[in-house]
Amino acid sequence: FAPWAEMHQYTGSRRGKEASASSSELRSDEEYSWIPWFCSLKGNEFFCEVEDSYVQDTFNLTGLDSMIPYYDNALDLILDIESRDDMLSDDQQEMLENDAETLFGLIHARFIITNRGLQRMLVKYREKQFGVCPNVLCRDQPVLPMGLSDQLNEESVKLYCPKCDDIYEPQKSRHEHIDGAFFGKTFPHLFFLTYPELKPKPLTEKYVPKVFGYKVNKEAFKKSLEAQEKAMKEKTKAKLLRR
């Protein structure tokens, strides 16, 4: 989160000069706020921007204060509210920034199962921002991020394919360490219940192993293993008889 500190300083100096600059020469303050900045970082492509109004509603944050040590400061950081974080040590500042990331992730998991959140994830899904199914037979079917657990630090984010109805690890290493709890178990299935027209037909095509053009019998591997084990036993027995 070191880049955030630099960005925050830049924002302050920029606002100091704002009065003398024309509005046409300035970018909007929203571009410099924490949430858009965080979601624009490389590796955070799976996240959508949570609306400030959602974060500001304390009802939506029920129970999260007990999970985050620096909850109040982390929330202020997310909402770009000035706080007395200059009183924190370097270690405490690092913990605060980590808490802000975790808090945002937990808020994000709740936001994406609301109507507005689902709409924002719909845009990313249609643009294949989450990637496509690695199963060749799914023919580049778009996938959705999900968690195998709603609890923190249990599972990293996975990708759900609605065509083969299976889950996969993210294909890019920068996504491997995102906590699955930031998306939750419910999201992808609620998504397709909300947008049933996007649910593809189940995958019926199945890969068939062949050797020299002939389909491999299901019992072939079992019989091959049995023959191998029998040959090994006979070889061992022959060695014992020669002693």
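**Reading the model**

Modeller: Of the 243 residues of the protein chain, 36% count as buried, where buried means under 20% relative accessible area, exposed over 50%, and partly exposed in between, with a 1.4 Å probe and protein chains only. This is a predicted model, in which local features need pLDDT of at least 70 and side-chain atom pairs count only at pLDDT 80 or more, while totals for chains, interfaces and linings use all residues. Residues are numbered from 1 along each chain as its sequence is written, and side-chain values use heavy atoms, with hydrogens and water left out.

Colleague: How many helices and strands does the secondary structure of the protein chain have?

Modeller: Helices (H or I, at least four residues) and strands (E, at least two) are DSSP runs, numbered from the N terminus. The protein chain has eight helices and five strands, in the order α-α-α-α-α-α-β-β-β-α-β-β-α along the sequence.

Colleague: Which residues have the most contacts inside the largest nonpolar core?

Modeller: A nonpolar core is a set of buried Ala, Val, Leu, Ile, Met, Phe, Trp, Tyr and Cys residues joined through side-chain atoms within 4.5 Å. Here the largest one has 51 residues, and Trp34, Leu103, Phe104, Phe183 and Phe191 have the most contacts inside it. Elements that each supply at least two residues of this core include helix H2 (34-40), helix H5 (90-111), strand E1 (144-146) and helix H7 (187-194). The largest share, seven residues, comes from H5. As for Phe191, contact means heavy atoms within 4.5 Å; leaving aside neighbours within four places in sequence, Phe191 touches Leu118, Met121, Leu122, Tyr125, Leu144 and Leu198.

Colleague: What span should H5 have, and against which helices do its buried residues pack?

Modeller: The expected span of a helix is 1.5 Å times one less than its number of residues. The 22 residues of H5 should therefore span 32 Å, and its end C-alpha atoms are 31 Å apart, which agrees. Among the buried residues of H5 are Leu96, Glu97, Leu103 and His108. The buried residues of this helix pack against H2, H3, H4 and H6.

Colleague: How is a pair of aromatic rings described?

Modeller: By the distance of the centres and the angle of the planes. Rings of Phe, Tyr and Trp (its six-membered ring) pair if their centres lie within 6.5 Å; planes under 30 degrees apart count as stacked, over 60 as edge-to-face and the rest as tilted. By this rule the count comes to 16 aromatic pairs. The rings of Phe38 and Phe47 have centres 5.5 Å apart and planes at 65°, so this pair is edge-to-face. For Phe38 and Phe104 the centres are 5.2 Å apart and the planes at 70°, so that pair is edge-to-face. The latter links distant parts of the chain, with Phe38 in helix H2 and Phe104 in helix H5, 66 residues apart. Phe38 is buried at 2% relative accessibility, and Phe104 is buried at 0%. Ring pairs join a cluster that includes Trp34, Trp37, Phe130 and Phe183.

Colleague: Where is Lys199 found, and what lies 2.8 Å from a polar atom of its side chain?

Modeller: Lys199 is found in the loop between H7 and strand E4 (210-211), and is partly exposed, with a relative accessible area of 36%. The backbone oxygen of Pro162 lies 2.8 Å from a polar atom of the Lys199 side chain. Leaving aside neighbours within four places in sequence, Lys199 is in contact with Tyr160, Pro162 and Phe192.

Key:
A polar contact is a pair of N or O atoms within 3.5 Å; within protein, one must be able to donate a hydrogen and the other to accept it, and residues adjacent in sequence count only if both atoms are side-chain atoms.
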